[in-house]
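Okay, thanks everyone. I'd like to walk you through the charged pairs in this one, and then finish with a loop. Let me put it up.

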Amino acid sequence: MPWIRIDLSEGRTVEQKQKTAEAVTRALVEHCGCTPETVSIVFNDVSDDNWAFSGKLLSQRGKS
């Protein structure tokens, strides 16, 4: 039973998440041989204050 966690910056719409869930599920069914009913996906919306690249928070990018 696949358990998928997708971390995203906040701001994606419900429609975007729905389409992503459908695409990921289809890919797992096709490539892993599981059934759609066994695929579990969790979307984790991460605020810019809680996500960093290269030692800099996304909320601080562009600031001196």
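So, before the pairs, the term itself: I'm calling it a salt bridge when a side-chain nitrogen of Lys or Arg sits within 4 Å of a carboxyl oxygen of Asp or Glu. And keep in mind that this is a predicted model.

How many salt bridges does the structure hold? Three. Let's take them in turn.

Start with R5 and D7. Their side chains meet in a salt bridge, at 2.8 Å from N to O. How open is that pair to the outside? R5 counts as exposed, with 57% relative accessibility. D7 is partly exposed, and its relative accessible area is 36%.

Next up, K19 and E15. Here the closest N and O atoms are 4.0 Å apart, and the two residues form a salt bridge. Why do these two line up along the helix? Because K19 and E15 are four residues apart in helix 1, which covers residues 14–32, they are separated by about one helical turn. Both ends are out in the open: K19 is exposed at 52% relative accessibility, and E15 is exposed too, with a relative accessible area of 55%.

Okay, last stop, the loop I promised. Where is D49? You'll find D49 in the loop between strand 2, residues 40–46, and strand 3, residues 52–53. Leaving aside residues up to four places away in sequence, D49 touches L57 and S59. With S59 there's also a polar contact between the side chains, at 2.6 Å. And what about A21? D49 and A21 are 28 residues apart in sequence, and from C-alpha to C-alpha they're 25 Å apart in space.

Notes:
Residues are numbered from 1 along each chain as its sequence is written. This is a predicted model: local features need pLDDT of at least 70, side-chain atom pairs count only at pLDDT 80 or more; totals for chains, interfaces and linings use all residues. Side-chain values use heavy atoms; hydrogens and water are left out. Contact means heavy atoms within 4.5 Å. A polar contact is a pair of N or O atoms within 3.5 Å; within protein, one must be able to donate a hydrogen and the other to accept it, and residues adjacent in sequence count only if both atoms are side-chain atoms. Buried means under 20% relative accessible area, exposed over 50%, partly exposed in between (1.4 Å probe, protein chains only).
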